[in-house]
Every structure is written in structure tokens, then in C-alpha cells.
Amino acid sequence: MDIVGNVLPQVLKDEATEDKGEMARLQSFVGAIAVADLVKTTLGPKGMDKILKPTGPGQEMTHITVTNDGATILKSMYVENPAAKILIEISKTQDEEVGDGTTTVAVLAGELLREGEKLIQKRIHPQHVIAGWRIARDVALKRLRDISTENDINSQEFHDDLVKIARTTLSSKLITTDRDYFADLCVKAVLRLKGSSNLDYIQIIKLPGGTIRDSYLDDGFILKKQITIGCKRRIENAKILVANTAMDYDKIKIYGTKVKVNSMDKVAEIEAAEKEKMKHKVDKILKYQPTVFVNRQLIYNYPEQLLADSGITVIEHADFEGMERVAAATGAEILSTFDAPERSQQVLGHCDLIEEIMIGEEKMIKFTGCKKNEACTIVLRGASTHILDEVDRSIHDALCVLITTVKNKRVVWGGGNSEMQMAAACEEEAKKVQGKQAFAIEAFARALRQIPTIICDNGGYDSAELIQNFKVELQKGNQTCGLNMTDGTIGNMNELGVKECLRVKEQALMAASEAAELIMRVDNIVKCAPRKRERA
Ligand code: ADP
Ligand code: MG
């Protein structure tokens, strides 16, 4: 060992270093477990929140984030440990894939590695551990699918399930006291999508002021812009042209080009020429016969006036996201050239009514009765931007989970039920497997059981006793039992309405075990020297 240690610096070049064998593995374990422990306390309905505070100059206190969302916490962490990075990565993926279970996945991976470390100390080779984990994962996955149930998508039961799932997702968040209100709101929004999974149609507007309860769902689409002065503020049966085009030819003004002229007449000539070009473009636009013109870029005074004179309502400088949404909701195409007025029917968007409305103190434009009627807007109110941001993240989680559920349809009981069932399945399997792998399978079961244990601990309950009672209930055949986090007992998840989407659990199980396996396989960490730029 020593010899190798002495020789290596000569093998690798200057800035590269290497950690081998035990050291490398230890480093990975420590990093991954530390990350998992960090988010552990946020797990479950009684989980705590974290304050994220950026460091460095120019980062004032106003930039802090208060959150309970695992992905948000992990994303903003700055780590160097490679294993820790892997955990952060899986949590991010979980967030993108299904939107929830981001803490669960990191905690589960961390617990697996904690168990893995003990196995290694018992001199079980990592390859045996990995083989055992693979068996365990398959068994757990099978049990998870077996216990899941499916309802017809149009039935009342399915609708109730959706509300319950949204409530469960929201129950670990800031808005837990108002979760019924928001669960209902989210379900309504998602059902409007009629099976499509395009979250773009659900717009979330955050406006500080009022209380959380003042938040509401508005059908139709709201654009955070104002109608240009001098135009009609209310348009019925609107034909909308959505464009992304420069409406000015005053390039001279903008780019500060120097033009030398002999007399003022020449300046006037240039201006007239520019005006003529603008008018030409406006004329082309008019051929499409829209009643509303929405442009992403600025519209200067002169073309604005021309358009307004022709009775067209102008909305300028729509931010890009807003633009795409307007186009999607009203069924318009975003144009940048205007040479095919005969396609006007296809490219113009349509909606029944456009009007200026006031939300709080702000004026906005509302599009009602859009061609693609899926669009709706959730207007969030709250005392501060920190609260609004966290509510936004929570609502986003709930919407993602609901969309996933509508697609996948299968649901399982929450409150630790699925984890306990999976653990039981693994333990049964361990009894049948010969060889050292059995230890790994048992370890997998223990790691799974840590999820309900941590949820209990976070609520301040006696986890040792509760988990044992939980085991006994399941053994008795009580399929719907789970943690009652208000009383600190084992309750009926059906009565408490704690349900979760199967996809979320599946994804968490797969991602966590893959990450743990990946880290377990490491026996060497080589720090590569930074790539240097070659001099030209
Ligand atoms: P994640 O980021 O992984 O979604 P959460 O903090 O949202 O983490 O916690 C999710 C866990 O909390 C799930 O295992 C879920 O079953 C459990 N849970 C959520 N609501 C309740 C509840 N009302 N009673 C018991 N368990 C709950
Ligand atoms: Mg959650």
C-alpha cells in the first residue's frame, strides 16, 4: 500500500490526485450521507423548513429562500464531494420527472449507503452488496406495483383520489393549513387540461398583498401587461395576431449611427423614408385583419398610432414566456414576417373576450374563452414574496404530481404504507436467498423502513414503538394502515385520505437504488487536473 502511495504521484501529473480503495469509498459514503442527513429533517408533513442564504458579495438578505422542497434545497447547495453531487443530481431528476418525492429519493439513497457501509465493514464485497440490492429492488418494485390500484379516469373515485394526492403533496408544505383549498384548486386546473400534460397552459401569477386564502383560480389567460394607451380596453370576439418582429426602422436613433448631411431637409428625408418603411409593414399586418396585435418587441409611436387608428388594440413588449402562452392558449402562430395574408385564418388566434382587469393594485390583460380552452391562471396572493415563492413551488409540485397521476392513473397509500410493504417484501425474499446477498437484501429493507421512521421522528413521535406497531398491523393484513401524523398513532390511510401517485414512488425507488449502486461501485477517486486552454 505504502509503495503504491509513493509511486503514484509520479504516475499522475502535477495537479491530479487520487484516492484509492477504502479511502475513496469512505469519502463517497460520508459525502452522500451528509447530504441525505441535511434534507432528512424536512421529510413528511411535520418536516421543518430551511432557509437558504446565498453567500458572497452583493448577495443581500432579500435573496433568501425559505423552503421545504428537497430539490430546491439540494439544487442550491454548493458541494465538492462527488457522491454528494450524485445525490443532488437524482433529486433534481426526480423533480423534473415527477415533481415530488425529491426528499424521499435523497434520503433513501443516503440510508442505503449507510447500510452499505455497515456491510462493507462486515467484509462483504461491494459486488455482493450490489447483487443483493438488485434483487431487493426488483422485489420491492413488484410489491409496489401489486399494492397499487387503478380507477377509471372519469369516475368520482378517481377525482377523489386526485384531491387526496394533491392534499398529501401539499401537507408537507407551508400551506398545509389551507391544503384542502389548494388541493381543490390544483385538481380543477389539471382537469381542465383534459389529459394533456402541458403545464404551460396553467399560468401562475404571484402578487404580494392580501392573504394566502385570497388566491384563486381564474379561467382564461392573464397577461401581466397593459394595453397601450389610446386603444380599446375591451374587445369581444378578438382575432389576435401574435408577432415577434421589430416595428421600428429608426435604426439610426437606436444604434447612434452618424450621418452627415448638408441640410436639415436631408434629415427630414431620411425620417420620411423610415416612416414609409414602417407604414409599409403596418399595411402588411393590416392585411391579416386582426383586431388585436401582440408583439414581443417594442412598438414605436408611429406604427402604434397607425394601428390604433385602424381600430386595432396593441399590446407591446410582451415577455417571451407570456407570448408563447398567448399563442398556445389562443391557437395563434407567432409570426415574424407578414407576407402571406391568405393564411390569416390559420395564424390568427381567437378568444371571446379580452379586457383589462385589476388584481390587487396591478392592471393586467385577461383573455377569456380562448380557442384552446385548457388555459387557466392561478393567482397567488400572500404577505411576502418569500411566502409566495414557496407557495408557487408547492403548487408546482402538486400540479406535476397530478399530471403524472392523470397519465399513469395508479395510486398507492401514503404515510409510509408503501415503504413498509416494500420492506416486508424484501424481508420475505431474504429468507429464500442463499449466500451473502441476503444481508444486502435485509439492509435494503431496513433502509426503506427508515422513511416512515424519519417521518415519525420529524413529528416528535416515538418512532421505535410506532414502526413496530405498524409492522404488526401490516402483518395482520391491514392493507390501508399508515402513520397518523396528527395523533402519532397508526391510522387508516383511507379515512385520513393520504394517497400518493405510484409513479412518484417507483421513480424514487429506482433512482435511489441506482445512485446508491453507482456510489457503491466506486473504489477510486481521481481528481483530474483542470483542462488547460491551449494557446493559439
Ligand atoms: P418529498 O419531497 O419526498 O415529497 P415530503 O416532505 O413531501 O417529501 O414528504 C413525503 C412523505 O410524507 C411521503 O412519504 C408521504 O407518504 C408522507 N406524508 C405526507 N402527508 C402525510 C400525512 N398527512 N400523514 C402521513 N404521512 C404523510
Ligand atoms: Mg412531497
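Residues are classed here as nonpolar (Ala, Val, Leu, Ile, Met, Phe, Trp, Tyr, Cys and Pro), charged (Asp, Glu, Lys and Arg) or polar (the others, Gly among them). The structure is a predicted model, in which local features need pLDDT of at least 70 and side-chain atom pairs count only at pLDDT 80 or more, while totals for chains, interfaces and linings use all residues. Residues are numbered from 1 along each chain as its sequence is written, ligands are numbered from 1 in the order in which they are written, and side-chain values use heavy atoms, with hydrogens and water left out.

The shell around ligand 1 comprises six nonpolar, 13 polar and three charged residues. Of these 22 residues, D100, T103, T104, S171 and S172 come nearest, a residue being near if one of its heavy atoms lies within 4 Å of the molecule. Helix α5 (residues 102-121) gives the most to the shell, with three residues; helices are DSSP runs of H or I with at least four residues.

Polar contacts are pairs of N or O atoms within 3.5 Å. A side-chain N or O atom of S171 lies 2.7 Å from a nitrogen atom of ligand 1. An oxygen atom of ligand 1 is 2.8 Å from a polar side-chain atom of E500, and a backbone N or O atom of T42 lies 3.3 Å from an oxygen atom of the ligand. The protein covers 96% of the 570 Å² of accessible area that ligand 1 has on its own (Shrake-Rupley method, 1.4 Å probe).

Salt bridges (a side-chain nitrogen of Lys or Arg within 4 Å of a carboxyl oxygen of Asp or Glu) number 34. One of them joins E428 and R143, with the closest N and O atoms 3.2 Å apart. Because E428 lies in helix α15 (residues 417-432) and R143 in helix α6 (residues 126-147), the pair ties together parts that are 285 residues apart in sequence.

How values were computed:
A polar contact is a pair of N or O atoms within 3.5 Å; within protein, one must be able to donate a hydrogen and the other to accept it, and residues adjacent in sequence count only if both atoms are side-chain atoms. Helices (H or I, at least four residues) and strands (E, at least two) are DSSP runs, numbered from the N terminus.
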